[in-house]
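Reader: Hi! Could you walk me through this model while I have it open?

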Amino acid sequence: MRRVLSVLSALAVSLTTAVAVAPSAAAAGYNGVCTGADALSGVTVVIDFRELDGNGGVAAPTTTRCSPNPSPGTARTGIKALQDAGIAVAGVARWGLGFVCRLDNRPSSTESIPRASNPTYKEACVVTPPAEAYWSYWHADGAGSTWTYSSYGALNRDVTPGGFEGWSFSLNKTASTNPAPGVTPTNPAVGPTNPAVGLSVNDIDRRITLGQSTSLTWTSTNATSVTAHSVSPTTGGGSWSGELAVTGGTQSITPTAKGTYTYTIKATGAGGTVYSTTTLTVQ
């Protein structure tokens, strides 16, 4: 069963209440697809409540909000994008925001969710939401019209500037029938020629021990060239330079010193040049 499975390693305390995080105080999210200066630096967040709409007498129409990047050019996780959009997000007591449990306070702790195996189920947000009733996580680069189910949790995935982040409540579905958000993820500013690129660390909490290796994965659209642009600091982060496969790929990274490293990727196409970054901590 596909689920949002980004786990906070090293966090093993057991609590009794959900961990809720209010929207970022510095965020200036607004309704609709990102426009203007935010069109290619922000990300559009879609929350599709589906079967939760009206459940328990609480109407929940689909939410579409722009999540501006307070520091354009720097990486943001899917969780940070939710917060910058002004959307309240709550994790579970056991794993924090490694598992998203509530968005805009839904499902509430008092509403009954009609799971096939438990028609009166109520979500307590203690360990993990069940596979029958959880927030599925999706993304899109803004250049097309289809969503991709995320193989990473929102705490471990960097958003694509100009793209879309999607959340859709999955109730009594299977791995092949989980519903994508019911909003077409097209950003007019991205257009058919403007390039888009995304970069992620393939490690559950973006942390490794010195001597270990991890890998970076990238995807791009509308690009004629993709380059491993830079790593900062310039020494100790391992080899990250040169031309990369245009359509996407994975490259192994073996840092040689402790520290926190920022990797930058560059994509160039007929519509211009864009960058994406991700970070890795070596302990």
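Author: Happy to; we can go from the overall picture to sheets, cores and aromatic rings.

Author: This is a predicted model, so local features need pLDDT of at least 70 and side-chain atom pairs count only at pLDDT 80 or more, while totals for chains, interfaces and linings use all residues. Residues are numbered from 1 along each chain as its sequence is written, and side-chain values use heavy atoms, with hydrogens and water left out.

Reader: Great. How many helices and strands are in the protein?

Author: The protein has one helix and 17 strands. These are DSSP runs numbered from the N terminus, with helices being H or I of at least four residues and strands being E of at least two.

Reader: And what radius of gyration does the protein have?

Author: The protein has 19 Å, which agrees with the value near 19 Å for a compact globule of 283 residues. The radius is taken over C-alpha atoms, and the globule rule is 2.2 Å times the number of residues to the power 0.38. Along the principal axes, the C-alpha atoms fill a box of roughly 55 × 45 × 35 Å.

Reader: What percentage of the residues is buried?

Author: Buried residues make up 47% of the 283. Buried means under 20% relative accessible area, exposed means over 50%, and partly exposed is in between, using a 1.4 Å probe and protein chains only.

Reader: On to sheets. What is the strand order in the open sheet of three strands?

Author: The order is β10-β12-β15, with antiparallel pairing. Two strands pair if DSSP finds at least two bridges between them. The edge strands, β10 (196-201) and β15 (248-253), each pair on one side only. On average, neighbouring strands of this sheet are turned by 15° against each other, direction ignored; the axes are lines fitted to C-alpha atoms, and angles run from 0 to 180 degrees between N-to-C directions.

Reader: How many bridges join β10 to β12?

Author: Six, with β12 covering residues 214-221. Val201 has Leu216 in β12 as its bridge partner.

Reader: And what about the open sheet of five strands, what's its order?

Author: That sheet runs β11-β17-β16-β13-β14, with mixed pairing. At its edges are β11 (207-208) and β14 (242-244), each with a single partner strand, so one side of each has no neighbour in the sheet. Between β16 (residues 259-269) and β17 (residues 272-282) there are 11 bridges, and the two run antiparallel. Thr260 finds its bridge partner in Thr281 of β17.

Reader: Switching topic: which residues have the most contacts inside the largest nonpolar core?

Author: Ile47, Leu82, Leu103, Trp135 and Trp167, in a core of 22 residues. At least two residues each come from β3 (43-48), α1 (78-84), β7 (133-140) and β9 (164-171). A second, separate core has 19 residues, including Ile208, Ala223, Leu244 and Val282. A nonpolar core here is a set of buried Ala, Val, Leu, Ile, Met, Phe, Trp, Tyr and Cys residues joined through side-chain atoms within 4.5 Å.

Reader: I like rings. How many aromatic pairs does the structure hold?

Author: Seven. Rings of Phe, Tyr and Trp (its six-membered ring) pair if their centres lie within 6.5 Å; planes under 30 degrees apart count as stacked, over 60 as edge-to-face and the rest as tilted. Trp135 and Phe169 are edge-to-face, because their ring centres are 5.3 Å apart and their planes are at 80°. Trp135 lies in β7 and Phe169 in β9, so this pair ties together parts that are 34 residues apart in sequence.

Reader: Are Trp135 and Phe169 buried or exposed?

Author: Both Trp135 and Phe169 are buried. Another edge-to-face pair is Trp218 and Trp240, with centres 6.3 Å apart and planes at 65°. Trp218 and Trp240 are buried as well.

Reader: Which residues form an aromatic cluster with Trp135?

Author: Phe49 and Phe169 form one with Trp135. Phe49 is in the loop between β3 and β4 (63-67), and Phe49 counts as buried because its relative accessibility is 4%.

Reader: Nice. And which ring does the charged end of Arg94 sit over?

Author: The ring of Trp95, at 4.5 Å from its centre. Likewise, Arg115 lies over the face of Tyr121, 4.6 Å from the ring centre. The rule asks for NZ of Lys or CZ of Arg within 6 Å of the ring centre and within 35 degrees of the ring normal.
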